[in-house]
Amino acid sequence: MNLSERLKTYGFEQTLKYIHKDPEENLQKILNLSRKISPDAFESQMDFIENIIKDKDNVYHKYMMDMLNRLNPDVFDKFITNFFLNAGVFSENLKQECREKYGCNIPWAILLDPTTACNLRCKGCWAAEYGNSLNLSFDEIDDIITQGKEIGVYFYIFTGGEPLCRKEDVLKICEKHNDCAFLIFTNSTLIDDKFIEDMLRVKNIIPAISVEGPEFTTDARRGDGVYNKVIEAMGKLKENGLPFGISCCYTSMNYKSIISEEFVDDMIDRGALFAWYFHFMPVGKATGKELLPKPDQRAYVYENLRDMRSRKPLFFLDFQNDAEYIGGCIAGGKNYLHINANGDLEPCVFIHYSDSNIREKTLIESLQSPLFMAYHDGQPFNENMLRPCPMLENPNMLRDMVKESKAKSTDILDKEQVDELCDKCEDYAKAWEPVAEDLWENSPRSTHNKNK
């Protein structure tokens with residue numbers, strides 16, 4: 001960060017402290033300052049935020065006020081500074097310069113698996129089979145983040161395995177790279193009073209807690225008593241003014257309960273600030289396709305989640321169906337990439353194929369590899385943004401990219417060849433296509449409707 005950016009950050013931080021005295025009155029002042037220091041590319045986001053600030057009946061006005069009034073002020077300020085300024089405003093030009101310089105994708109976020117270890121054995125999760133067999137060392141994680149910051153990446157997401165099995169190293173990394181924002185996908189059962197104290201000290205960690213719905217469905221997949229431990233962790237986080245959200249995988253079995261009014265309202269009451277919904281993926285040789293949502297079930301989630309957005313003070317993200325907002329597939333470094341605990345760089349957390357390892361190549365060299373360049377050159381993989389994935393909705397595209405790049409399976413136990421994986425997606429892709437076409441035809445974001 002250069003001197004000009006440091007001065008802007010200082011001014012921004014001082015204005016944030018002023019806002020906490022009277023959020024309703026002073027929000028416009030931070031927005032005005034944000035407009036002055038933001039690149040033109042952020043103008044539409046600024047307009048969106050201004051509409052929320054001015055419209056007190058807007059559900060996200062309530063959401064914003066709740067965050068300001070409920071969260072620990074220092075933690076809130078650190079998150080806004082790291083996530084909004086460092087990961088967004090100040091690094092955008094650098095990322096764009098690197099895209100032009102190196103001729104490849106430069107991501108906004110990097111996902112890392114500190115370990116394959118996990119303290120639970122959830123049904124259908126590949127981590128349950130791996131055990132404590134692979135880890136990225138502290139120095140390797142540190143080096144990845146250092147390389148990332150050199151190309152403008154200031155947002156990191158820890159996945160696994162259970163990242164908090166490496167709790168001490170995770171905390172040291174977050175503390176060392178205190179100018180970055182860190183999201184941790186966690187089952188939350190290892191969040192104890194000591195970790196709460198550490199989060200308040202470090203200030204740049206946000207948990208995304210895995211939950212499958214109510215107690216019955218969560219415990220059915222994760223084990224007896226896990227739901228109560230999740231609720232206990234949420235209580236500790238809320239009590240201490242710490243931000244957190246939930247991570248939900250929707251399947252053919254739980255899709256209704258996981259987007260129900262009762263479940264969403266309960267999560268809001270418990271303090272969740274966001275809900276990240278993931279479509280079940282049939283990844284892994286031992287994983288069948290039975291839990292893949294049927295077309296009408298996926299459409300149900302699509303429609304109900306959008307309805308919830310207009311009414312509920314919760315930030316919803318739908319990893320698969322929200323591709324219409326961001327131009328299709330975001331993997332392959334377009335917006336993010338994944339580095340597993342063996343150091344393999346994968347285009348997506350659900351695509352377990354790689355032609356690069358961080359122990360053998362730099363981050364830039366990996367982004368310039370044949371597999372990642374195939375993503376770069378092929379995106380978007382479909383003009384219909386509700387059919388974004390080269391695996392799930394366009395399986396022949398993943399077949400071709402993996403074979404042409406000579407990428408290898410990164411599965412630890414039983415290598416799943418790309419034809420085996422894509423064969424499981426063929427029927428799904430055909431069944432979803434007509435439903436997706438109908439939804440896309442009526443979406444205001446479709447090219448068809450934009451050109452009317």
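Helices (H or I, at least four residues) and strands (E, at least two) are DSSP runs, numbered from the N terminus. By that count the chain has 20 helices and 11 strands. Its radius of gyration (taken over C-alpha atoms) is 21 Å, close to the 22 Å that the globule rule gives for 452 residues, so the chain is as compact as a globular protein of that length. The globule rule is 2.2 Å times the number of residues to the power 0.38. This is a predicted model, in which local features need pLDDT of at least 70 and side-chain atom pairs count only at pLDDT 80 or more, while totals for chains, interfaces and linings use all residues. Residues are numbered from 1 along each chain as its sequence is written, and side-chain values use heavy atoms, with hydrogens and water left out.

**Whole chain**

- The C-alpha trace spans about 60 × 55 × 50 Å along its principal axes.
- Of the 452 residues, 58% count as buried; buried means under 20% relative accessible area, exposed over 50%, and partly exposed in between (1.4 Å probe, protein chains only).
- Contact means heavy atoms within 4.5 Å; among contacts between residues at least 6 apart in sequence, 71% join residues at least 24 apart.
- The chain carries 54 positive and 73 negative charges, and their mean positions are 2 Å apart. Lys and Arg count as positive and Asp and Glu as negative, with His and the chain ends not counted.

**His279**

- His279 is in strand E6 (residues 274-279).
- With a relative accessibility of 2%, His279 counts as buried.
- The side chains of His279 and Tyr428 are joined by a polar contact of 2.7 Å. A polar contact is a pair of N or O atoms within 3.5 Å; within protein, one must be able to donate a hydrogen and the other to accept it, and residues adjacent in sequence count only if both atoms are side-chain atoms.
- Neighbours within four places in sequence aside, His279 is in contact with Tyr250, Leu292, Pro293, Arg298, Gln320, Leu392 and Tyr428.

- Cys389 is in the loop between helix H17 (370-378) and helix H18 (395-405), and is buried at 12% relative accessible area.
- Beyond residues up to four places away in sequence, Cys389 touches Gln320 and Asn394.
- Cys389 and Gly328 are 61 residues apart along the chain, and their C-alpha atoms are separated by 7.7 Å.
- Asp142 is in helix H8 (residues 138-150) and is buried, with a relative accessible area of 11%.

**Backbone points to check**

- Most residues other than glycine have a negative phi, and most peptide bonds are trans.
- The Gly160 to Gly161 peptide bond is cis, with omega near 15 degrees; Gly161 is in the loop between strand E2 (155-158) and helix H9 (167-176).
- The Gln379 to Pro380 peptide bond is also cis, with omega near -5 degrees, and Pro380 is in the loop between H17 and H18.
- Lys203 has a positive phi, near 75 degrees, and is partly exposed at 24% relative accessible area.
- Lys406 has a positive phi, near 60 degrees, and counts as exposed at 62% relative accessibility.

How values were computed
Charge placed at Lys NZ, Arg CZ, Asp CG, Glu CD.
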